[in-house]
Amino acid sequence: MTEYLTIDGGTIAYEVTGDGPLIVLAHGMGDSRDAFRAVIPSLVEAGHRVAAVDLRGCGESSVDWPEWSRTAIAGDLLALIRHLGGPAVIVGHSVSGGAATIAAALEPSLVTAVVELAPFTRKQSPSLGGMLKVKRYRRGMMRLLGTAMFGSLPLWRSYLDVAYPGQRPADWPERLGRIESLLREPGRMKAMQAMGRSAPTDAGAQLGNVRCPVLVVMGTLDPDWADPRAEGTAVVADLPSGLGRLEMIDGAGHYPHDQFPEQVVSLVLDFLRSDAARA
């Protein structure tokens, strides 16, 4: 059942399932909490209370916001954790990986651990060499840039075709239909464009201030980077020593939690059971 939290600037939609330690799931741009539909049941079965949130401008959340930065998204996530009675683990995908980093750095008492799925958490510089040498990166970047510039739904759908290489969810047609239906609603494509224009430098500046364990999960075929392993390694390296670790999912693109939900859940639960996460 959808619930709503009103905060400064708008209303955030979310849904809570299960009982136990709180996990907050935050999706990437142009998406909704539906992105985590395949992982929620397993997390609940493992004994967690799971809150899946629609980011500002996305899903069922309101569209008129004054700011679209990762810092602003982090504020929304922290407000939700306070409202639900934290602390919480934050699982953030793409833009929300950066937001989760900021939330953990700003309010360490509210965030016990962070899982970053294909995160944009550091300053990015498009690799011309990578675009020449790596076809999937070239295809992904051209479609992302085109979507950001023109607000084109067909270009975004074409990007998703690249971002989901190989294995796709059994409900893929329904998944695409839901994404397209939401982005056709007034203001939602503009919200995605604004979010896409926000640089992750605010998240990168906070990596060294994180005090909780961090798991970074990257797909080997993620089209958003010429070398996904190198990007994940760099995120871990910018964290305080010993806090971060990187896991790669072979064959995954930019949506590992949707392509390989069982593997992602296993990684998350193993991480949360580890001595580092308990500390």
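**View 1. Ring pairs join Tyr164, Trp172 and Tyr255 into a cluster.** The model is predicted; local features require pLDDT of at least 70 and side-chain atom pairs pLDDT 80 or more, while totals for chains, interfaces and linings use all residues. Residue numbers start from 1 along each chain as its sequence is written, and side-chain values use heavy atoms, with hydrogens and water left out. Rings of Phe, Tyr and Trp (its six-membered ring) are paired if their centres lie within 6.5 Å; planes under 30 degrees apart are stacked, over 60 edge-to-face, and the rest tilted. A search of the whole structure gives four aromatic pairs.

**View 2. Tyr164 and Tyr255 form a stacked pair.** Their ring centres are 4.8 Å apart and the planes meet at 20 degrees, so the pair counts as stacked. Tyr164 sits in the loop between α6 (153-163) and α7 (172-183), and Tyr255 in the loop between β8 (244-249) and α11 (256-259). Helices (H or I, at least four residues) and strands (E, at least two) are DSSP runs numbered from the N terminus. The pair links distant parts of the chain, 91 residues apart.

**View 3. Tyr164 and Tyr255 are buried.** The relative accessible area is 1% for Tyr164 and 3% for Tyr255. Buried means under 20% relative accessible area, exposed over 50%, and partly exposed in between (1.4 Å probe, protein chains only).

**View 4. Leu5 lies in strand β1 (residues 3-7).** Leu5 is buried, at 11% relative accessible area. Leaving aside residues up to four places away in sequence, Leu5 touches Gly10, Thr11, Ile12, Tyr14, Ala79, Leu80 and His83; contact means heavy atoms within 4.5 Å.
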